[in-house]
Amino acid sequence: MTDLCLLDHTSLTELYSKTLRKYDDIKDKKLSLDMSRGKPCPEQLDLSLGLLDIVNSNSPLLVSESLDIRNYGMVDGLADAKELFGQLLQVSSNEIIIGGNSSLNMMHDTISRALLTGVIDSNTPWGKLSKIKFLCPSPGYDRHFAICETYGIEMITINMLDDGPDMDEIEKLVLQDDSIKGIWCVPKYSNPDGITYSDEVVNRLAKMPTKANDFKIFWDDAYTVHHLTDEPSIVKNILRACEDAGHPNRVFMFASTSKITFPGSGVAVMAASEENISYIKKQLSTQTIGPDKINQLRHVLFLTNLENINLHMKNHAAIIKPKFDMVLNILQAKLSKYSIASWSKPKGGYFISLNTLDGCASEVVKLASDAGVSLTPAGATYPYGKDPRDRNIRIAPTFPSLSELEAAMEVVVLCILLASIKKLLQNQII
(Lines give C-alpha, C1' and ligand atoms only; values in the text may rest on other atoms or scores of the structure.)
Protein backbone atom coordinates (compact mmCIF):
# COMPACT_ATOMS: atom_id res chain seq x y z
CA MET A 1 0.00 0.00 0.00
CA THR A 2 1.43 3.39 -1.06
CA ASP A 3 -0.88 6.07 0.31
CA LEU A 4 0.25 9.14 -1.61
CA CYS A 5 -1.03 11.43 1.12
CA LEU A 6 1.64 10.01 3.44
CA LEU A 7 4.63 10.47 1.09
CA ASP A 8 7.16 13.21 1.71
CA HIS A 9 7.99 15.96 -0.77
CA THR A 10 10.99 14.17 -2.28
CA SER A 11 9.14 10.91 -2.86
CA LEU A 12 6.19 12.73 -4.41
CA THR A 13 8.45 14.71 -6.72
CA GLU A 14 10.21 11.57 -7.93
CA LEU A 15 6.89 9.82 -8.59
CA TYR A 16 5.58 12.88 -10.42
CA SER A 17 8.60 12.94 -12.74
CA LYS A 18 8.28 9.25 -13.48
CA THR A 19 4.53 9.52 -14.18
CA LEU A 20 5.01 12.62 -16.33
CA ARG A 21 7.45 10.75 -18.58
CA LYS A 22 4.83 8.04 -19.13
CA TYR A 23 2.19 10.67 -19.84
CA ASP A 24 4.41 12.43 -22.39
CA ASP A 25 5.03 9.13 -24.16
CA ILE A 26 1.28 8.59 -24.48
CA LYS A 27 0.74 12.14 -25.77
CA ASP A 28 3.20 11.37 -28.56
CA LYS A 29 0.84 8.62 -29.76
CA LYS A 30 -1.76 11.31 -30.67
CA LEU A 31 -4.74 9.26 -29.55
CA SER A 32 -8.33 10.23 -30.39
CA LEU A 33 -10.70 8.42 -28.03
CA ASP A 34 -14.15 9.57 -26.91
CA MET A 35 -15.67 8.61 -23.55
CA SER A 36 -17.70 11.78 -23.12
CA ARG A 37 -21.26 10.41 -23.47
CA GLY A 38 -23.11 7.24 -22.62
CA LYS A 39 -23.84 6.00 -26.12
CA PRO A 40 -24.58 2.43 -27.24
CA CYS A 41 -21.80 0.93 -29.32
CA PRO A 42 -22.37 -0.37 -32.88
CA GLU A 43 -22.64 -3.96 -31.65
CA GLN A 44 -25.53 -2.93 -29.39
CA LEU A 45 -27.27 -1.14 -32.24
CA ASP A 46 -26.94 -4.27 -34.36
CA LEU A 47 -29.15 -6.11 -31.85
CA SER A 48 -32.11 -4.08 -33.12
CA LEU A 49 -31.57 -4.32 -36.87
CA GLY A 50 -34.79 -6.31 -37.08
CA LEU A 51 -36.65 -3.03 -36.52
CA LEU A 52 -35.70 -1.87 -40.01
CA ASP A 53 -37.85 -4.34 -41.91
CA ILE A 54 -40.38 -5.63 -39.38
CA VAL A 55 -43.11 -3.27 -40.65
CA ASN A 56 -44.17 -4.00 -44.22
CA SER A 57 -47.24 -4.15 -46.42
CA ASN A 58 -48.46 -7.20 -44.48
CA SER A 59 -48.35 -5.41 -41.11
CA PRO A 60 -51.55 -4.53 -39.23
CA LEU A 61 -52.01 -0.90 -40.30
CA LEU A 62 -55.58 -0.55 -39.09
CA VAL A 63 -56.13 -0.46 -35.32
CA SER A 64 -59.88 -0.25 -35.88
CA GLU A 65 -62.25 0.27 -38.79
CA SER A 66 -61.64 4.03 -38.64
CA LEU A 67 -58.07 4.44 -37.38
CA ASP A 68 -55.17 3.94 -39.78
CA ILE A 69 -51.72 4.29 -38.19
CA ARG A 70 -50.39 5.89 -41.39
CA ASN A 71 -52.73 8.83 -40.90
CA TYR A 72 -53.30 11.59 -38.35
CA GLY A 73 -54.64 10.89 -34.89
CA MET A 74 -54.04 9.03 -31.63
CA VAL A 75 -52.26 11.89 -29.87
CA ASP A 76 -51.47 9.64 -26.90
CA GLY A 77 -50.16 6.75 -29.01
CA LEU A 78 -51.16 3.26 -30.09
CA ALA A 79 -53.10 1.15 -27.61
CA ASP A 80 -50.68 -1.76 -28.17
CA ALA A 81 -47.72 0.52 -27.49
CA LYS A 82 -49.34 1.78 -24.29
CA GLU A 83 -49.90 -1.81 -23.21
CA LEU A 84 -46.27 -2.74 -23.93
CA PHE A 85 -44.71 0.23 -22.18
CA GLY A 86 -47.21 -0.03 -19.36
CA GLN A 87 -45.55 -3.38 -18.63
CA LEU A 88 -42.17 -1.67 -18.67
CA LEU A 89 -43.17 0.97 -16.11
CA GLN A 90 -45.72 -1.16 -14.23
CA VAL A 91 -48.60 1.22 -14.88
CA SER A 92 -51.93 0.85 -16.69
CA SER A 93 -52.54 1.82 -20.31
CA ASN A 94 -54.74 4.69 -19.10
CA GLU A 95 -51.77 6.20 -17.28
CA ILE A 96 -49.49 6.47 -20.33
CA ILE A 97 -48.76 8.78 -23.22
CA ILE A 98 -46.47 7.50 -25.98
CA GLY A 99 -44.36 10.22 -27.54
CA GLY A 100 -41.68 10.54 -30.19
CA ASN A 101 -38.13 9.25 -29.94
CA SER A 102 -36.93 11.27 -26.93
CA SER A 103 -37.95 11.19 -23.26
CA LEU A 104 -35.75 14.27 -22.77
CA ASN A 105 -38.01 16.03 -25.28
CA MET A 106 -41.07 15.00 -23.23
CA MET A 107 -39.45 16.29 -20.01
CA HIS A 108 -38.52 19.56 -21.68
CA ASP A 109 -42.06 20.03 -23.01
CA THR A 110 -43.57 19.21 -19.62
CA ILE A 111 -41.48 21.96 -18.05
CA SER A 112 -42.36 24.35 -20.87
CA ARG A 113 -46.09 23.72 -20.47
CA ALA A 114 -45.81 24.23 -16.71
CA LEU A 115 -44.11 27.59 -17.30
CA LEU A 116 -46.81 28.69 -19.75
CA THR A 117 -49.96 27.29 -18.17
CA GLY A 118 -49.01 25.63 -14.90
CA VAL A 119 -49.68 22.00 -14.00
CA ILE A 120 -53.01 20.47 -13.08
CA ASP A 121 -52.99 21.78 -9.50
CA SER A 122 -51.32 25.16 -10.10
CA ASN A 123 -52.99 28.42 -9.13
CA THR A 124 -50.60 30.35 -11.38
CA PRO A 125 -48.44 29.37 -14.37
CA TRP A 126 -44.92 28.78 -13.13
CA GLY A 127 -43.53 31.30 -15.59
CA LYS A 128 -45.51 34.14 -13.98
CA LEU A 129 -43.97 33.54 -10.56
CA SER A 130 -41.07 35.67 -9.38
CA LYS A 131 -38.91 32.62 -8.72
CA ILE A 132 -39.01 28.88 -9.42
CA LYS A 133 -36.64 26.36 -7.86
CA PHE A 134 -35.91 22.70 -8.52
CA LEU A 135 -34.13 20.22 -6.28
CA CYS A 136 -31.26 18.50 -8.08
CA PRO A 137 -29.80 15.35 -6.50
CA SER A 138 -26.12 15.42 -7.40
CA PRO A 139 -24.06 14.07 -8.95
CA GLY A 140 -26.85 13.85 -11.50
CA TYR A 141 -27.83 14.10 -15.16
CA ASP A 142 -26.45 17.19 -16.88
CA ARG A 143 -29.31 17.44 -19.38
CA HIS A 144 -31.87 17.76 -16.59
CA PHE A 145 -29.86 20.64 -15.22
CA ALA A 146 -29.56 22.20 -18.68
CA ILE A 147 -33.36 22.42 -18.97
CA CYS A 148 -33.53 24.35 -15.70
CA GLU A 149 -30.67 26.63 -16.65
CA THR A 150 -32.25 27.37 -20.05
CA TYR A 151 -35.46 28.58 -18.43
CA GLY A 152 -33.95 30.37 -15.46
CA ILE A 153 -35.14 27.81 -12.90
CA GLU A 154 -32.94 28.07 -9.82
CA MET A 155 -31.30 24.77 -8.94
CA ILE A 156 -30.62 23.55 -5.41
CA THR A 157 -27.99 20.83 -5.08
CA ILE A 158 -29.07 17.85 -2.96
CA ASN A 159 -26.46 15.35 -1.85
CA MET A 160 -26.83 11.77 -3.06
CA LEU A 161 -26.54 9.09 -0.37
CA ASP A 162 -26.17 5.33 -0.77
CA ASP A 163 -29.94 4.80 -1.07
CA GLY A 164 -30.93 7.94 -2.98
CA PRO A 165 -31.08 11.69 -2.34
CA ASP A 166 -30.76 13.12 1.18
CA MET A 167 -34.41 13.01 2.27
CA ASP A 168 -33.84 14.92 5.52
CA GLU A 169 -32.57 17.85 3.48
CA ILE A 170 -35.37 17.55 0.90
CA GLU A 171 -38.19 17.35 3.43
CA LYS A 172 -36.91 20.40 5.26
CA LEU A 173 -36.62 22.50 2.10
CA VAL A 174 -39.99 21.65 0.49
CA LEU A 175 -41.86 22.26 3.72
CA GLN A 176 -40.67 25.86 4.04
CA ASP A 177 -40.39 27.16 0.47
CA ASP A 178 -43.34 27.26 -1.96
CA SER A 179 -41.08 28.38 -4.82
CA ILE A 180 -39.65 24.83 -4.90
CA LYS A 181 -41.79 23.29 -7.62
CA GLY A 182 -40.03 20.06 -8.45
CA ILE A 183 -37.23 17.55 -8.13
CA TRP A 184 -35.27 15.62 -10.76
CA CYS A 185 -34.87 11.91 -10.01
CA VAL A 186 -33.08 9.07 -11.80
CA PRO A 187 -34.32 6.38 -9.43
CA LYS A 188 -32.69 3.26 -10.81
CA TYR A 189 -28.97 2.93 -11.57
CA SER A 190 -28.72 6.71 -11.24
CA ASN A 191 -26.63 8.78 -13.63
CA PRO A 192 -23.73 8.64 -12.80
CA ASP A 193 -23.53 6.89 -9.41
CA GLY A 194 -25.56 3.79 -10.30
CA ILE A 195 -27.65 4.14 -7.12
CA THR A 196 -31.16 2.67 -6.84
CA TYR A 197 -33.58 4.49 -4.55
CA SER A 198 -34.65 2.52 -1.48
CA ASP A 199 -38.31 1.90 -0.64
CA GLU A 200 -37.95 4.36 2.23
CA VAL A 201 -36.78 7.12 -0.11
CA VAL A 202 -39.65 6.45 -2.53
CA ASN A 203 -42.19 6.48 0.30
CA ARG A 204 -40.84 9.71 1.78
CA LEU A 205 -40.89 11.44 -1.60
CA ALA A 206 -44.50 10.36 -2.05
CA LYS A 207 -45.70 11.28 1.45
CA MET A 208 -43.77 14.43 2.32
CA PRO A 209 -45.75 17.63 2.96
CA THR A 210 -44.78 20.44 0.59
CA LYS A 211 -45.51 24.15 0.87
CA ALA A 212 -46.13 24.30 -2.89
CA ASN A 213 -49.45 22.62 -3.64
CA ASP A 214 -48.24 21.91 -7.20
CA PHE A 215 -44.89 20.31 -6.36
CA LYS A 216 -43.91 17.68 -8.94
CA ILE A 217 -41.48 14.76 -9.07
CA PHE A 218 -39.81 14.34 -12.48
CA TRP A 219 -39.04 10.61 -12.37
CA ASP A 220 -36.63 9.73 -15.19
CA ASP A 221 -36.63 5.93 -15.19
CA ALA A 222 -34.07 5.86 -18.00
CA TYR A 223 -32.34 2.63 -16.94
CA THR A 224 -35.28 0.58 -15.70
CA VAL A 225 -34.24 -2.60 -17.60
CA HIS A 226 -30.54 -1.81 -18.07
CA HIS A 227 -29.08 -4.45 -15.76
CA LEU A 228 -25.46 -5.58 -15.67
CA THR A 229 -25.98 -8.53 -13.32
CA ASP A 230 -28.40 -11.43 -12.88
CA GLU A 231 -29.63 -9.79 -9.66
CA PRO A 232 -31.35 -6.64 -10.94
CA SER A 233 -32.16 -3.83 -8.57
CA ILE A 234 -35.84 -3.14 -7.96
CA VAL A 235 -37.29 0.30 -7.31
CA LYS A 236 -40.70 0.74 -5.74
CA ASN A 237 -43.46 2.05 -8.01
CA ILE A 238 -43.56 5.79 -7.37
CA LEU A 239 -46.95 6.30 -9.04
CA ARG A 240 -48.60 3.79 -6.71
CA ALA A 241 -46.70 5.20 -3.72
CA CYS A 242 -47.95 8.73 -4.46
CA GLU A 243 -51.48 7.40 -4.95
CA ASP A 244 -51.34 5.58 -1.60
CA ALA A 245 -49.99 8.70 0.09
CA GLY A 246 -52.87 10.85 -1.13
CA HIS A 247 -50.80 12.71 -3.74
CA PRO A 248 -51.83 10.92 -6.97
CA ASN A 249 -50.90 13.84 -9.23
CA ARG A 250 -47.44 14.44 -7.77
CA VAL A 251 -45.29 12.43 -10.19
CA PHE A 252 -44.44 12.47 -13.90
CA MET A 253 -42.61 9.30 -14.97
CA PHE A 254 -40.48 9.12 -18.11
CA ALA A 255 -38.66 6.40 -20.03
CA SER A 256 -37.67 5.51 -23.57
CA THR A 257 -36.14 2.82 -25.73
CA SER A 258 -33.15 5.06 -26.53
CA LYS A 259 -30.68 2.56 -25.06
CA ILE A 260 -32.88 -0.45 -25.80
CA THR A 261 -33.19 -0.11 -29.58
CA PHE A 262 -31.97 2.89 -31.63
CA PRO A 263 -31.27 6.12 -29.68
CA GLY A 264 -32.20 8.31 -32.64
CA SER A 265 -35.30 6.33 -33.59
CA GLY A 266 -36.72 4.99 -30.36
CA VAL A 267 -40.00 5.49 -28.52
CA ALA A 268 -40.47 7.73 -25.50
CA VAL A 269 -43.05 7.26 -22.76
CA MET A 270 -44.63 9.45 -20.10
CA ALA A 271 -46.73 8.04 -17.26
CA ALA A 272 -48.81 9.81 -14.65
CA SER A 273 -52.19 9.66 -12.93
CA GLU A 274 -55.21 9.37 -15.21
CA GLU A 275 -56.20 12.91 -14.22
CA ASN A 276 -52.78 14.22 -15.22
CA ILE A 277 -52.84 12.25 -18.48
CA SER A 278 -56.23 13.67 -19.42
CA TYR A 279 -55.03 17.19 -18.66
CA ILE A 280 -51.83 16.77 -20.70
CA LYS A 281 -53.62 15.16 -23.66
CA LYS A 282 -55.74 18.29 -24.06
CA GLN A 283 -52.56 20.38 -24.14
CA LEU A 284 -50.86 18.04 -26.61
CA SER A 285 -53.80 18.22 -29.00
CA THR A 286 -52.81 21.80 -29.85
CA GLN A 287 -49.15 20.83 -30.26
CA THR A 288 -49.46 17.78 -32.51
CA ILE A 289 -52.00 15.81 -34.52
CA GLY A 290 -50.27 12.62 -33.50
CA PRO A 291 -46.85 10.99 -33.02
CA ASP A 292 -45.04 8.55 -35.30
CA LYS A 293 -47.34 5.56 -34.91
CA ILE A 294 -45.50 3.46 -37.50
CA ASN A 295 -42.40 3.59 -35.31
CA GLN A 296 -44.54 2.66 -32.33
CA LEU A 297 -45.88 -0.35 -34.24
CA ARG A 298 -42.32 -1.25 -35.24
CA HIS A 299 -41.33 -1.42 -31.57
CA VAL A 300 -44.45 -3.33 -30.54
CA LEU A 301 -43.79 -6.00 -33.18
CA PHE A 302 -40.08 -6.19 -32.36
CA LEU A 303 -40.16 -6.10 -28.54
CA THR A 304 -43.60 -7.76 -28.10
CA ASN A 305 -43.65 -7.95 -24.26
CA LEU A 306 -41.63 -7.36 -21.10
CA GLU A 307 -40.17 -10.87 -21.13
CA ASN A 308 -38.70 -10.30 -24.59
CA ILE A 309 -37.46 -6.85 -23.59
CA ASN A 310 -35.57 -8.43 -20.68
CA LEU A 311 -34.06 -11.08 -22.99
CA HIS A 312 -33.06 -8.35 -25.42
CA MET A 313 -31.39 -6.42 -22.59
CA LYS A 314 -29.43 -9.50 -21.52
CA ASN A 315 -27.83 -9.36 -24.97
CA HIS A 316 -26.96 -5.72 -24.35
CA ALA A 317 -25.43 -6.62 -21.00
CA ALA A 318 -23.31 -9.35 -22.59
CA ILE A 319 -21.73 -6.70 -24.80
CA ILE A 320 -21.16 -3.92 -22.26
CA LYS A 321 -20.51 -5.74 -18.97
CA PRO A 322 -16.96 -6.74 -20.04
CA LYS A 323 -16.31 -3.04 -20.62
CA PHE A 324 -17.49 -2.11 -17.13
CA ASP A 325 -15.42 -4.96 -15.71
CA MET A 326 -12.34 -3.75 -17.58
CA VAL A 327 -12.68 -0.20 -16.25
CA LEU A 328 -13.20 -1.40 -12.69
CA ASN A 329 -10.27 -3.84 -12.92
CA ILE A 330 -7.92 -1.14 -14.25
CA LEU A 331 -8.96 1.32 -11.56
CA GLN A 332 -8.48 -1.32 -8.88
CA ALA A 333 -5.12 -2.49 -10.18
CA LYS A 334 -3.65 0.94 -10.93
CA LEU A 335 -5.13 3.27 -8.32
CA SER A 336 -6.43 1.44 -5.24
CA LYS A 337 -2.98 1.29 -3.63
CA TYR A 338 -2.59 5.08 -3.75
CA SER A 339 -5.77 6.08 -1.84
CA ILE A 340 -6.41 9.02 -4.19
CA ALA A 341 -9.68 8.00 -5.82
CA SER A 342 -12.89 6.06 -5.28
CA TRP A 343 -15.44 4.77 -7.76
CA SER A 344 -18.88 3.21 -7.99
CA LYS A 345 -19.45 -0.43 -8.87
CA PRO A 346 -22.85 -0.24 -10.57
CA LYS A 347 -25.26 -3.13 -11.02
CA GLY A 348 -26.77 -1.44 -14.05
CA GLY A 349 -27.07 1.74 -16.06
CA TYR A 350 -24.48 3.34 -18.30
CA PHE A 351 -21.85 4.98 -16.11
CA ILE A 352 -19.16 4.61 -13.49
CA SER A 353 -18.87 7.54 -11.11
CA LEU A 354 -15.26 8.35 -10.22
CA ASN A 355 -14.23 10.67 -7.39
CA THR A 356 -10.71 12.09 -7.27
CA LEU A 357 -9.10 14.02 -4.47
CA ASP A 358 -10.85 17.35 -3.94
CA GLY A 359 -9.77 19.94 -6.49
CA CYS A 360 -8.45 17.46 -9.07
CA ALA A 361 -11.28 16.56 -11.45
CA SER A 362 -10.92 19.57 -13.77
CA GLU A 363 -7.20 18.99 -14.07
CA VAL A 364 -7.71 15.29 -14.83
CA VAL A 365 -10.18 16.05 -17.62
CA LYS A 366 -7.85 18.65 -19.13
CA LEU A 367 -4.83 16.34 -18.99
CA ALA A 368 -6.84 13.54 -20.60
CA SER A 369 -8.03 15.87 -23.36
CA ASP A 370 -4.46 16.97 -24.06
CA ALA A 371 -3.55 13.29 -24.39
CA GLY A 372 -6.39 12.60 -26.83
CA VAL A 373 -9.10 11.20 -24.52
CA SER A 374 -12.41 13.07 -24.28
CA LEU A 375 -14.26 12.77 -20.97
CA THR A 376 -17.47 14.37 -19.75
CA PRO A 377 -16.53 17.88 -18.56
CA ALA A 378 -15.70 18.08 -14.87
CA GLY A 379 -18.63 19.58 -13.00
CA ALA A 380 -21.19 18.46 -15.59
CA THR A 381 -22.86 16.20 -13.03
CA TYR A 382 -23.73 19.22 -10.85
CA PRO A 383 -26.05 22.21 -11.37
CA TYR A 384 -24.47 25.03 -13.37
CA GLY A 385 -21.54 22.74 -14.18
CA LYS A 386 -19.95 23.47 -10.80
CA ASP A 387 -18.89 20.58 -8.62
CA PRO A 388 -18.28 22.23 -5.23
CA ARG A 389 -15.47 19.80 -4.49
CA ASP A 390 -14.19 19.51 -8.09
CA ARG A 391 -13.80 15.77 -7.72
CA ASN A 392 -16.49 13.93 -9.73
CA ILE A 393 -15.85 12.48 -13.19
CA ARG A 394 -18.43 10.49 -15.12
CA ILE A 395 -16.89 7.52 -16.91
CA ALA A 396 -18.88 6.26 -19.93
CA PRO A 397 -17.54 2.82 -20.92
CA THR A 398 -20.15 1.66 -23.43
CA PHE A 399 -19.22 3.19 -26.78
CA PRO A 400 -15.47 2.44 -27.24
CA SER A 401 -14.24 -0.99 -28.23
CA LEU A 402 -12.47 -2.99 -25.52
CA SER A 403 -9.05 -2.12 -26.94
CA GLU A 404 -9.93 1.58 -27.19
CA LEU A 405 -11.36 1.51 -23.68
CA GLU A 406 -8.21 -0.07 -22.27
CA ALA A 407 -6.05 2.58 -23.95
CA ALA A 408 -8.33 5.37 -22.73
CA MET A 409 -8.35 4.13 -19.14
CA GLU A 410 -4.56 3.87 -19.07
CA VAL A 411 -4.55 7.58 -19.92
CA VAL A 412 -7.20 8.41 -17.32
CA VAL A 413 -5.25 6.59 -14.61
CA LEU A 414 -2.04 8.46 -15.45
CA CYS A 415 -3.91 11.76 -15.43
CA ILE A 416 -5.41 11.03 -12.01
CA LEU A 417 -1.94 10.23 -10.69
CA LEU A 418 -0.44 13.41 -12.14
CA ALA A 419 -3.23 15.68 -10.90
CA SER A 420 -3.22 14.08 -7.45
CA ILE A 421 0.54 14.33 -6.96
CA LYS A 422 0.50 17.94 -8.14
CA LYS A 423 -2.28 18.78 -5.65
CA LEU A 424 -0.48 17.04 -2.80
CA LEU A 425 2.76 18.86 -3.59
CA GLN A 426 0.93 22.18 -3.60
CA ASN A 427 -0.65 21.35 -0.24
CA GLN A 428 2.74 20.55 1.23
CA ILE A 429 4.10 23.93 0.13
CA ILE A 430 1.10 25.70 1.65
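**View 1. Helices H4 and H5 pack side by side in this predicted model.** On the H4 side the contact is made by Leu 104, Met 107, His 108 and Ile 111, while H5 contributes Arg 143, His 144 and Ile 147.

**View 2. Helices H3 and H10 pack against each other.** Helix H3 (residues 79-89) meets helix H10 (residues 293-303) at an angle of about 50°, with the two axes 9 Å apart. The pair is therefore oblique, and the crossing of H3 and H10 is left-handed. From H3, the residues Asp 80, Ala 81 and Leu 84 take part, and they meet Gln 296, His 299, Val 300 and Leu 303 of H10.

**View 3. Eight strands form an open, mixed sheet.** The strands follow the order S2-S9-S8-S7-S6-S3-S4-S5. Strand S2 (96-98) and strand S5 (164-165) stand at the edges, and because each has a single partner strand, one side of each is left without a neighbour in the sheet. In general, the strands of a sheet pair through backbone hydrogen bonds, in either a parallel or an antiparallel sense.

**View 4. Strands S4, S3, S6 and S7 are joined by parallel pairings.** Strand S3 (residues 133-138) pairs with strand S4 (residues 154-161) over six bridges, and within this pairing Ser 138 has Asn 159 of S4 as its bridge partner. S3 also pairs with S6 in the parallel sense, over three bridges, where the bridge partner of Leu 135 is Ile 183 of S6. S6 is mostly covered, with six of its six residues buried.

**View 5. Helices H6 and H7 lie across strands of the sheet.** Helix H6 (residues 167-176) lies across S3, S4, S5 and strand S6 (180-185), and runs at about 150° to S4. Helix H7 (residues 199-207) lies across S5, S6 and strand S7 (216-220), and runs at about 145° to S7.

**View 6. The largest nonpolar core contains 55 residues.** Within this core, Leu 4, Leu 335, Leu 375, Ile 395 and Met 409 touch the most other members. The elements that each supply at least two residues include helix H1 (9-27), helix H11 (306-335), helix H12 (361-370) and helix H13 (402-429), and also strand S1 (33-35), strand S11 (352-355), strand S12 (373-375) and strand S13 (392-395). The largest share, 15 residues, comes from H13.

How values were computed: Residues numbered from 1 in each chain as written. Predicted model: local features only at pLDDT ≥ 70, side-chain atom pairs only at ≥ 80, totals over all residues. Heavy atoms only, no water. Core = buried A, V, L, I, M, F, W, Y, C linked by side-chain atoms within 4.5 Å. Buried < 20%, exposed > 50% of the residue type's maximum accessible area, 1.4 Å probe, protein only. Helix = DSSP H or I, 4+ residues; strand = E, 2+ residues; numbered from the N terminus. Pairing = 2+ DSSP bridges. Contact = heavy atoms within 4.5 Å. Axes fitted to C-alpha atoms, helices over the stretch in contact; angles between N-to-C directions. Parallel < 35°, antiparallel > 145°, perpendicular 65-115°, else oblique. Left-handed = near helix turned anticlockwise from the far one by under 90°.
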